[in-house]
Structures are given as C-alpha cells and as structure tokens.
Amino acid sequence: MRQHRGQALAPSLRVVSISQPYVLCAGGVVRDASGRLLMIRRARPPDEGCWSLPGGRVEPGESAAEAAVREIREETGLVVDTAMLLGRTQIAGPDGSTYLVDDFRCQLVGGELRPGGDATEARWVSIAELGSLACTPRLIETLEEWSALG
C-alpha cells in the first residue's frame, strides 16, 4: 500500500491530471456491529435516486477526512471517526467536471439514523442485500477492489 502524507492509500488510487476541472469530495464506508453497510439514496445528480455511500464536497479549509465526517452526519444523522483512507475514485460530473472522491473507512461513534441533506433515505444494508440495490455505477466493484466488503 502506498503512503500519502502519512495515510495509507489503496493500490487503485489513480493520479489525476490537474489540467481537467475537478471537485474534491469525500465519503465514508461505515459498518455496524452486525457488519451491515451504511447506505444513502441520492437526492441529486449525479446518479439521483441511486444508492451510494454517504459523502459530498469538501468545503474550503476542510480536510477530506473532516468532510467525510461532516457529510455522514448531515446525510445520516450518525457520528463517526475516520480510521483510514481506502482510496480515491473518479465520478463524471456535469459540464465536463470530474468529482474526485476520497473514501474513508469510518468507525461509528453514535447518533440516530435518519436521512438528511442530499439523502432521501438512509439505512443499514447487509452485504448480501447490497447487490439487489440500484447502486451508483461501479460502487460495488470499487468497494471489492478496496477490500471494504469483507
């Protein structure tokens, strides 16, 4: 596993050309005590109506890890701590932009599950059930590449 500023990076992390417009985002992989995965149904494009990990844009002055914690709280009502960076994925955005999403493995600390922010639904999903959901493109494959489903 490679290192970046002291954090472990998944082998699938790609280098992105600075010449293309991009939006830095962050999200989190959160599992409960039963091993279920925290998922949200997206309220907005891209992939409106699809199931995905909670996450969103990094705000000015905020680290990607801080953004992941904030976005998870806003979209699900749950409080988490980030444990490690799993990897970075790219998602095509509007007008030729690219979303660069840093996804973190997170530990559940507390809170009460409820949808909010950019999520119309929030729920715990078993790994067996995950394949039956209409997920965002390449979500399951990416989580498998990062060994986040085991």
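1. Among contacts in the protein chain between residues at least 6 apart in sequence, 66% join residues at least 24 apart, where a contact means heavy atoms within 4.5 Å. This is a predicted model, in which local features need pLDDT of at least 70 and side-chain atom pairs count only at pLDDT 80 or more, while totals for chains, interfaces and linings use all residues. Residues are numbered from 1 along each chain as its sequence is written, and side-chain values use heavy atoms, with hydrogens and water left out.

2. On confidence, the protein chain has an average pLDDT of 89, and 87% of the residues score at least 70; pLDDT is the predictor's confidence in each residue, from 0 to 100.

3. The protein chain contains three helices and nine strands, which follow the order β-β-β-β-β-β-α-β-β-β-α-α from the N terminus on. Helices (H or I, at least four residues) and strands (E, at least two) are DSSP runs, numbered from the N terminus. Of the 150 residues in the protein chain, 45% are buried, with buried meaning under 20% relative accessible area, exposed over 50%, and partly exposed in between (1.4 Å probe, protein chains only).

4. Side chains of opposite charge can pair when their charged atoms come close. The structure holds ten salt bridges, each being a side-chain nitrogen of Lys or Arg within 4 Å of a carboxyl oxygen of Asp or Glu. One of them joins Arg-44 to Asp-118, with the closest N and O atoms 3.2 Å apart. This pair links distant parts of the chain, 74 residues apart, since Arg-44 is in the loop between strand E4 (37–42) and strand E5 (51–52) and Asp-118 is in the loop between strand E8 (98–111) and strand E9 (119–125). Asp-118 is partly exposed, at a relative accessible area of 28%.

5. How far apart are the closest N and O atoms of Arg-70 and Glu-74? They are 3.3 Å apart in this salt bridge, and because the two residues lie four apart in helix H1 (residues 64–76), about one helical turn separates them. Arg-70 is buried at 8% relative accessibility, whereas Glu-74 is partly exposed at 34%. Both belong to a network of salt bridges that links Glu-59, Glu-62, Arg-70, Glu-71 and Glu-74.

6. Asp-102 is buried, having a relative accessible area of 7%, while Arg-88 is partly exposed at 26%.

7. Strand E7 also holds Thr-89, which counts as buried at 18% relative accessibility. Leaving aside residues up to four places away in sequence, Thr-89 touches Tyr-99, Leu-100, Val-101, Asp-103, Thr-142 and Trp-146.
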